[in-house]
Amino acid sequence: MSLQQAEPLGGKRARTRELILDAAIACFEELGIRQCNMVDIAERAGIGRSTLYRHFPKLEDVIAQAIIRDIGELIVLNSEMTARFTEIDDIIVESFVFILRELPKRPVLNLLFKQDPELVQHLSLEDESFNELGAEFSAKSFAQARKEGRLREGVTHDEYVEWSTRILISLAGTPYQFHSDNSRIRLYLQRFLIPSLLTDKR
């Protein structure tokens, strides 16, 4: 499955796609991601199967676009949230805390972590579009770290994105003893994540 991002749409076509994605999420929640099929989605959306297939040729395309919609919303919200921070350490830590708190509220991402963690791992390692979304998400912190000379020597943006994604997926997908305590999560990230990405302040 590829997370290739759809071109911007307008008018009725865009509304139909949103209707389909909303219906798909309802189906995923009721039946499970792997158990839901295109007929179920068309019925819930109140459209014909031919209309559904014009927008999404296969179920994997529906799942991919639903993931993109969730991640896209998170990127926008995170950008707004981190705008009030100036220190690079705070930007990184607060971004992680924000995502860990928001993931359970994102329908498809929450279901993926609960029902199909193997698919999450596959997408994070193999899907180019997933990595592009990760690059967009981390662009601000990477640019600031490089500008301030805080990046570890030789670290590329791709490596920065991959390592951050691996840590985030691990924390999001594995229960840990202080998952409900934001202050302890922040301390944990300051102790272990920040030193792996940045050098000490000069």
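The model is predicted: local features need pLDDT of at least 70, side-chain atom pairs count only at pLDDT 80 or more, and totals for chains, interfaces and linings use all residues. Numbering starts from 1 along each chain as its sequence is written, and side-chain values use heavy atoms, with hydrogens and water left out.

## Overall fold

The chain has ten helices and zero strands. Helices (H or I, at least four residues) and strands (E, at least two) are DSSP runs, numbered from the N terminus. Along the sequence the pattern reads α-α-α-α-α-α-α-α-α-α. The radius of gyration is 18 Å, close to the 17 Å that the globule rule gives for 202 residues, so the chain is as compact as a globular protein of that length. That radius is taken over C-alpha atoms, and the globule rule is 2.2 Å times the number of residues to the power 0.38. Along the principal axes, the C-alpha atoms fill a box of roughly 60 × 35 × 30 Å.

Buried residues make up 47% of the 202 residues. Here buried means under 20% relative accessible area, exposed means over 50%, and partly exposed lies in between (1.4 Å probe, protein chains only).

## Salt bridges

Side chains of opposite charge can pair when their charged atoms come close. The structure holds eleven salt bridges. Each is a side-chain nitrogen of Lys or Arg within 4 Å of a carboxyl oxygen of Asp or Glu. Three of them are listed here.

| Salt bridge | Closest N and O atoms |
|---|---|
| Arg44 with Glu30 | 2.6 Å |
| Asp61 with Lys58 | 3.3 Å |
| Arg106 with Glu73 | 2.5 Å |

Take Arg44 and Glu30, whose closest N and O atoms are 2.6 Å apart. Arg44 lies in helix 2 (residues 38-45) and Glu30 in helix 1 (residues 11-31), so the pair ties together parts that are 14 residues apart in sequence. Arg44 is partly exposed, at 33% relative accessibility. Glu30 is exposed, at 58%.

In the bridge between Asp61 and Lys58, Lys58 counts as partly exposed at 42% relative accessibility.

Arg106 and Glu73 form a salt bridge with the closest N and O atoms 2.5 Å apart. Arg106 sits in the loop between helix 5 (88-102) and helix 6 (107-115), and Glu73 in helix 4 (residues 59-82), so the pair ties together parts that are 33 residues apart in sequence. Arg106 is buried, with a relative accessible area of 13%. Glu73 is partly exposed at 36%. Salt bridges that share partners join Glu73, Glu102, Lys105 and Arg106 into one network.

## The largest pocket

The largest pocket has a volume of about 590 Å³. On a 1 Å grid over the protein atoms alone, a pocket is an open set of points where a 1.4 Å probe fits, with protein on both sides within 12 Å along at least five of seven lines; lining residues have an atom within 4 Å of a point. Grid points are joined across faces, edges and corners, and the volume is the space filled by probe spheres set on the points.

The lining counts 33 residues. Ile99, Leu133, Gly134, Phe137 and Leu168 lie nearest the centre. Two or more lining residues come from each of helix 4, helix 5, helix 6, helix 7 (117-126), helix 8 (128-147) and helix 9 (157-173). Helix 8 gives the most, with eight residues.

By class, the lining has 22 nonpolar, nine polar and two charged residues. Ala, Val, Leu, Ile, Met, Phe, Trp, Tyr, Cys and Pro count as nonpolar, Asp, Glu, Lys and Arg as charged, and the others, Gly among them, as polar.

Val108 is in helix 6. Val108 is buried, at 0% relative accessibility. Leaving out residues up to four places away in sequence, Val108 touches Ile25, Ala66, Ile67 and Asp70.

Ser138 lies in helix 8. Ser138 is buried too, with a relative accessible area of 6%. Beyond its neighbours within four places in sequence, Ser138 is in contact with His157, Tyr160 and Val161.

His122 belongs to helix 7. His122 is partly exposed, with a relative accessible area of 37%. His122 and Ile99 are 23 residues apart in sequence, and 20 Å apart in space, C-alpha to C-alpha.

Notes:
Contact means heavy atoms within 4.5 Å.
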